[in-house]
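Here's a walk through one model, loop by loop and ring by ring. Keep the viewer open and follow along.

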Amino acid sequence: MTRLPIPGADADNWGDILNDYLQVSLASNGSLKPDAVTPAAIQDDSVSGTKLQDSSITSAKLDVPGGSDGQVLTKDSGASSGLAWTTTAGSTPDATPSTKGLVQLTGDLGGTAGAPTVPGLAGKEPTVTAGTTTQYYRGDKSWQTLDKAAIGLANVDNTSDANKPISTATQTALNAKIAATRTITAGTGLTGGGDLSADRTISANFGTGAGTIAQGNDSRITGAEQTTNKGAANGYAGLNSSTVVPTAQLGSGTADTTTFLRGDNTWATTPAAPVTSVAGKTGVVTLVKADIGLTNVDNTSDANKPVSTAQQTALDAKANTAITISAGTGLTGGGDLSGNRTISANFGTGAGTIAQGNDSRITGAEQTTNKGAANGYAGLNASTVVPTAQLGTGAATNATFLRGDNVWAAAPVTSVASKTGAVTLTQTDVGLANVNNTSDANKPVSTAQQTALDGKVNVANGGGETFFDAGNSGTALTLNLANGNVQKITLTGNCTITLTSPASGAFRSLLLYIFQDGTGSRTITWPASVKWGTAGAPTLSTAATKMDKLLLDTVDGGTNWYGSAGPGGY
């Protein structure tokens, strides 16, 4: 169906729509088509003398065939057109609403009987002179060339999307990017890498020779201790020919059948009396974490601790992982992607460096085959202590002690956490073997925390927010903060908004850019959870394509959203 163009909505085909509309009644030269005005198109009583141009009604224009000089046109209901040519005889009476007759040339009529005129038509619009097929008839009654400037698109080039050149703004954006030919090279001790046309992996080059990296489970490193440290200060205990630790390496004093090893590493005689109390408790004592000042400590190892509130706050300040190449502990190189980067192993003998595969400290290390063997070295059990079988003979129980003759023997002392003598307790004795004695402020990053941090990167340059285009609204739209904390909405109808509740326990905010469509005057109905304060909900701009900014924030997981209106009418 033909129609007139709609301002603001038909920018790309305005001329085609206007031409289709005009061609319904106009020929290509601008004149009316012969059949443009049909009887059905003329309203009853709409054509008067003042509506007709002088000399514009001829017999050829009338749908009444025949007629000759002297005849008059009279009403004839029997004719197809309702009119007929009639020959009059004698005097002619004055015309009446029901009788044909003479008409006096007054009012809208003028001239003479031989040359009657209709003066009322003198002020009417003259015939429109035809234009060309490339023109249109403008409001100032002139024919104008129909081109892109006429419809406000003077700056538009007639090129398809596929053939459009790169714009200045696009080139500026491209200049901030790097070519896919940029490479990441694996340096000494590493393999892999390549250009940035795809994801790349750099791996350690494990081996036992120079220029390679020793694996963490290398048999020469795992549990290794240098033989020069055997029996030395701050070294490790050796075993005698009976595969037990010599008493001299356990404490000072005389070790014989009458002495026992005290907690202060002294061989002494049996205590004269049992323990009287521990942490204010007597008898067979059972201790809890409060007895050793760890009331607030949970019995989880540092590696298995959950993410704390403070840690989650720190995590919330991180952004999702972006492309970075960083050299971690034991590596060198890396940096941003403004140039080709190389990451290499940092070989050395100090902390934070990597031992080469032929490191002399590895080749001279104590081998695990000597652990617990005669003239070897004492191993540690799962509780990181020397097994009792490597300390002496006899039954090692909660009722026996190691005598100076390397024999486990009983002593007249009651037990506290399976210990006797001058008791020194550890967290293991109260069921907290996995707890490290560090304050919350000094705790290291756990495995779970590091995993979470590895998925984040520091916010660089500031201003980083997550943007999401929610698209056309329709009459109902659900906004999910998980899609982004800055979202765009185009109102295409009077819309009811629903807000998905975010996780509770932290401040959340949502910045909305609300655009009117080409029609405008769209409204929003907000959920009851949105509070606007004493001013009430803001009134949106009504003009087509205008934009308003609104901010919503919550501190209770979306139970209440607090709204404020920013600048509007952009």
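**A tour of loops and rings**

Let's start at A528, which sits in the loop between β24 (524-525) and β25 (530-531); helices (H or I, at least four residues) and strands (E, at least two) are DSSP runs, numbered from the N terminus. Before going on, some housekeeping: this is a predicted model, where local features need pLDDT of at least 70 and side-chain atom pairs count only at pLDDT 80 or more, while totals for chains, interfaces and linings use all residues. Residues are numbered from 1 along each chain as its sequence is written, and side-chain values use heavy atoms, with hydrogens and water left out.

Back to A528: with a relative accessible area of 70%, A528 is exposed. The cut-offs here are under 20% for buried, over 50% for exposed and partly exposed in between, using a 1.4 Å probe and protein chains only. The C-alpha atom of A528 is 9.6 Å from that of T559, 31 residues away along the chain.

Now for the aromatics. Rings of Phe, Tyr and Trp (its six-membered ring) pair if their centres lie within 6.5 Å; planes under 30 degrees apart count as stacked, over 60 as edge-to-face and the rest as tilted. That rule gives three aromatic pairs. One of them is Y236 with Y377, and because the centres are 5.5 Å apart and the planes are at 80°, the pair is edge-to-face. Y236 lies in the loop between β9 (202-204) and β10 (260-261) and Y377 in the loop between α4 (360-363) and β16 (400-402), so the pair ties together parts 141 residues apart in sequence. Both partners are buried, Y236 at 11% relative accessibility and Y377 at 4%. Then there's W526 with W532: centres 5.4 Å apart and planes at 65°, so this pair is edge-to-face. W526 is buried at 16%, and W532 is buried at 14%.

Next stop, S142, in the loop between β5 (135-137) and β6 (143-145). Is S142 buried or exposed? At 19% relative accessibility, S142 counts as buried. Its side chain makes polar contacts with the side chains of D140 (2.6 Å) and Q144 (2.8 Å). A polar contact is a pair of N or O atoms within 3.5 Å; within protein, one must be able to donate a hydrogen and the other to accept it, and residues adjacent in sequence count only if both atoms are side-chain atoms. Leaving aside neighbours within four places in sequence, S142 is in contact (heavy atoms within 4.5 Å) with Y136 and Y137.
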